[in-house]
Amino acid sequence: MPRLTVVVPAYNESAVLAAFHARLAGVLGQLTLTSDVLYVDDGSRDDTWAIMQSLAATDPRVGTLKLSRNFGKEAALTAGLDHVDADAAVVIDADLQDPPELIPQLVEQWQAGYDVVYATRSARAGETGLKRFTAAAFYRTMESLSEVPVPRDTGDFRLLSRRALNALSQLRERQRFMKGLFAWIGYRQTAVTYLRDPRVAGQTKWNYWRLTQLAIEGITSFSSAPLKLATWTGLAASVVAFLFGLKVMLKALLHGDPVPGYPSLMVVILFLGGIQLLALGVIGEYLGRNYNETKQRPLYFIEEEHPPTARTPVHTEATPQR
């Protein structure tokens with residue numbers, strides 16, 4: 001009998017969890033397969049874990065997983081997927097910006113034979129113009145630089161088949177950019193488009209600093225283009241400096257013109273120094289990530305785990321095509 005697990009990573013989402021589960025439970029009750037939910041508490045500092053426990057007490061389909069501290073969303077998502085023993089898993093955030101009502105469409109594509117069914121945003125309601133612009137710029141930059149095509153305007157909301165989950169479980173790198181890892185495993189993938197809603201309650205945990213860090217993580221994890229850019233920029237600067245020096249020397253020899261003085265010299269020194277520091281910064285980003293990988297630390301630690309005690313009944317049998 002095919003079975004689906006919905007993985008919900010959460011960090012300080014006490015304001016929205018009850019409303020989210022109410023909508024999700026209604027969707028699961030309509031699915032034509034057995035299903036359950038796994039909530040992952042990523043070291044929340046509010047009542048998120050207590051609410052998860054209360055949901056599990058009133059709904060036997062709910063399982064809970066509590067990490068020993070806040071490891072970050074990518075690690076919490078990995079922990080949840082590692083504990084899925086179903087035929088497929090759906091990843092969704094608890095803020096209700098991604099509608100649970102879209103899950104039946106993801107399941108339908110899975111039953112049609114796809115291993116990864118990702119939800120692509122046709123529009124992003126409730127977000128500022130700057131946020132929409134930076135998000136679009138990031139995805140298009142990733143599309144240009146990444147050696148693996150990463151779908152545009154697509155977050156973590158998606159369905160993964162058992163085969164995709166098994167492949168993903170073999171990728172144990174510490175610097176994790178899940179959107180890239182989902183694309184890297186390959187297999188048959190397709191998209192389902194939807195309108196992303198505004199956050200229902202609570203506050204987003206992703207400020208511009210954290211989003212910038214995530215963007216750097218994604219680019220350095222799936223592209224060596226910044227290193228190549230540093231190389232070509234250094235080469236171009238050297239060529240320009242050589243031509244400029246040759247011009248100054250010829251003017252001094254042929255026309256007796258004095259060599260330009262202090263202002264032009266400072267401009268050249270500061271320009272070349274800035275390029276060198278930029279190149280060193282790029283190298284440092286890659287070196288730091290290699291350093292973290294060599295330590296081979298575990299991705300997460302679990303403080304508590306409570307599997308579901310029951311699952312939704314099946315209304316009609318539906319076997320996914322493999």
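This note sets out numbered points on the predicted model shown above.

1. Basis of the model. The structure is a predicted model, in which local features need pLDDT of at least 70 and side-chain atom pairs count only at pLDDT 80 or more, while totals for chains, interfaces and linings use all residues. Residues are numbered from 1 along each chain as its sequence is written, and side-chain values use heavy atoms, with hydrogens and water left out.

2. Overall content. The protein contains 10 helices and eight strands; helices (H or I, at least four residues) and strands (E, at least two) are DSSP runs, numbered from the N terminus. Of its 322 residues, 46% are buried. Buried here means under 20% relative accessible area, exposed means over 50%, and partly exposed lies in between (1.4 Å probe, protein chains only). A contact means heavy atoms within 4.5 Å. Among the contacts with a separation of 6 or more, 84% are accounted for by residues 24 or more positions apart.

3. The cavity. One cavity of 30 Å³ or more is present in the structure. A cavity is a set of points, on a 1 Å grid over the protein atoms alone, where a 1.4 Å probe fits but cannot get out; lining residues have an atom within 4 Å of a point. Grid points are joined across faces, edges and corners, and a volume is the space filled by probe spheres set on the points.

4. The cavity lining. The residues that line the largest cavity are T78, L81, D82, L165, L168, S169, R172, R176 and M178. By class, the lining has four nonpolar, two polar and three charged residues. In this classification Ala, Val, Leu, Ile, Met, Phe, Trp, Tyr, Cys and Pro count as nonpolar, Asp, Glu, Lys and Arg as charged, and the others, Gly among them, as polar. Helices α3 (73-82) and α6 (162-168) each supply at least two lining residues, and α3 gives the most, with three.

5. Helix α3. This helix is largely enclosed by the rest of the structure, because nine of its 10 residues are buried. The buried positions in α3 are K73, E74, A75, A76, L77, T78, A79, G80 and L81.

6. Aromatic pairs. Rings of Phe, Tyr and Trp (its six-membered ring) pair if their centres lie within 6.5 Å; planes under 30 degrees apart count as stacked, over 60 as edge-to-face and the rest as tilted. Two aromatic pairs are found by this rule. In the pair of F20 and Y39, the arrangement is edge-to-face, with 6.3 Å centre to centre and 75° between the planes. F20 belongs to helix α1 (residues 17-28) and Y39 to strand β2 (residues 34-41), so this pair ties together parts that are 19 residues apart in sequence. F20 counts as buried at 0% relative accessibility, and Y39 counts as buried at 0% relative accessibility as well. The pair of F157 and Y194 is also edge-to-face, at 5.9 Å centre to centre and 85° between the planes. This pair links distant parts of the chain, F157 being in strand β6 (residues 154-161) and Y194 in strand β7 (residues 189-196), 37 residues apart. F157 and Y194 are both buried.

7. Surroundings of L102. L102 is placed in the loop between β4 (88-91) and α4 (103-111). With a relative accessible area of 6%, L102 is buried. Leaving aside residues up to four places away in sequence, L102 touches A119, F157, V192, T193 and Y194. The C-alpha atoms of L102 and V192 are separated by 8.6 Å, although these residues are 90 residues apart along the chain.

8. Arginines. A charge sits over a ring if NZ of Lys or CZ of Arg is within 6 Å of the ring centre and within 35 degrees of the ring normal. R69 lies over the face of F71, at 4.0 Å from the ring centre, and R188 lies over the face of Y114, at 4.4 Å. R121, in strand β5 (residues 116-124), counts as buried at 10% relative accessibility. Its C-alpha atom is separated by 5.6 Å from that of D153, 32 residues apart along the chain.

9. Positive phi values. N12, a residue other than glycine, has a positive phi near 55°. N12 is in the loop between β1 (3-10) and α1 and is partly exposed, with a relative accessible area of 21%. Y187 is not a glycine but has a positive phi of about 65°. Y187 is in the loop between α7 (178-184) and β7 and is partly exposed, with a relative accessible area of 40%.

Definitions and conventions: 1 Å grid on protein atoms, 1.4 Å probe; cavity = no way out; pocket = protein on both sides within 12 Å on 5 of 7 lines; lining within 4 Å.
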